Amino acid sequence: VFYTENSGDSWSPVNAGLTSVLITTLYLTAAGVLLAGTGNAGLFSFNFGTNQWTQLAIAGLTSLYITSIVVNSLGDIFAGTFSGGVFKLLNGTTSWIALGLAVTFIYDLILRSQQTRNGAEEIYAATSTGVHFSSDGGTSWNPGNSGLGGNRGAIKFTSDSDGEIYVAVHGRGVLKGGGGPNFVELINNAVPDKYFLQQNYP
């Protein structure tokens, strides 16, 4: 992990305490706690006072390849993994719970700000078979592929200040949804759904 204090002009490493430097994702909680997911050692939390990382519990995690992290308003941590599905660490506990999402390849997670009946937010998972969402803290999941054009792979989420969720989808570009299973509005037909990488030097 590297950090900058001058808008990116220079960077400094901050890796003390990390047992893996294969960093796959970073997440800053509403309480100001910085979490890092790794490709082979689970999750770490950062202490800004000591500049030290501390590994979180790994009990219950069947995959240590973390692809995405979100933390709900109850302080529960959700971790998406590359081959093990979604896991949940309840606030104040030390053992992860495997959630009942049948798809194991999780590319991204996002919380929708609108709270559900149990006081926690809806959680969405971008997977190799599209979008899945849960309204009960991850206990049960429903497909959210309406408008995606079938079970297309969903890659990445983002959201706006109104709680609207946007998803990047293989072969469809970027779509917008307002909650539940419906992603029906293509926000811009000009958004490319393919890209190419080519050498530009020399």
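Modeller: Accessible areas here come from the Shrake-Rupley method with a 1.4 Å probe, and for residues only the protein chains shown count as cover. By that method the protein chain exposes about 10,800 Å², with 52% of it supplied by carbon and sulfur atoms. This is a predicted model: local features need pLDDT of at least 70, side-chain atom pairs count only at pLDDT 80 or more, and totals for chains, interfaces and linings use all residues. Residues are numbered from 1 along each chain as its sequence is written, and side-chain values use heavy atoms, with hydrogens and water left out.

Colleague: How do you know how many helices and strands the protein chain has?

Modeller: Helices (H or I, at least four residues) and strands (E, at least two) are DSSP runs, numbered from the N terminus. The protein chain has zero helices and 18 strands.

Colleague: Why is A154 called buried?

Modeller: Buried means under 20% relative accessible area, exposed means over 50%, and partly exposed lies in between (1.4 Å probe, protein chains only). A154 has a relative accessible area of 0%, so A154 is buried. Of the 202 residues of the protein chain, 41% count as buried.

Colleague: What does A154 touch?

Modeller: Contact means heavy atoms within 4.5 Å. A154 sits in strand 15. Not counting residues up to four places away in sequence, A154 touches several residues, among them Y107, A126, G130 and V167. A154 and Y107 are 47 residues apart in sequence, yet 7.5 Å apart in space, C-alpha to C-alpha. Across the protein chain, residues 24 or more positions apart account for 36% of the contacts with a separation of 6 or more.

Colleague: What makes strand 15 and strand 16 a pair?

Modeller: Two strands pair if DSSP finds at least two bridges between them. Strand 15 (residues 154–159) and strand 16 (residues 165–169) have five bridges, in the antiparallel sense. T158 stands opposite Y166, and K156 has A168 as its bridge partner. The two strands form a hairpin with five residues between them, and G163 in the turn has a positive phi of about 85°.

Colleague: Where else does strand 16 pair?

Modeller: Strand 16 is joined to strand 17 (residues 173–177) by five bridges, again antiparallel. There, I165 stands opposite G177. Strand 16 is mostly covered, with four of its five residues buried.

Colleague: What makes strand 7 and strand 10 edge strands?

Modeller: An open sheet of four strands has the order 7-8-9-10, with antiparallel pairing. Strand 7 (66–71) and strand 10 (97–98) each pair on one side only. Strand 10 meets strand 9 (residues 86–89) through two bridges. F87 stands opposite A98 in strand 10.

Colleague: How do you know which residues line the largest pocket?

Modeller: On a 1 Å grid over the protein atoms alone, a cavity is a set of points where a 1.4 Å probe fits but cannot get out; a pocket is an open set with protein on both sides within 12 Å along at least five of seven lines, and lining residues have an atom within 4 Å of a point. The largest pocket has 17 lining residues, and Y27, T29, A30, V71 and N72 lie nearest its centre. Strand 3 (23–28) and strand 11 (106–115) are the elements that give two or more residues to this lining. Strand 11 supplies the largest share, three residues.
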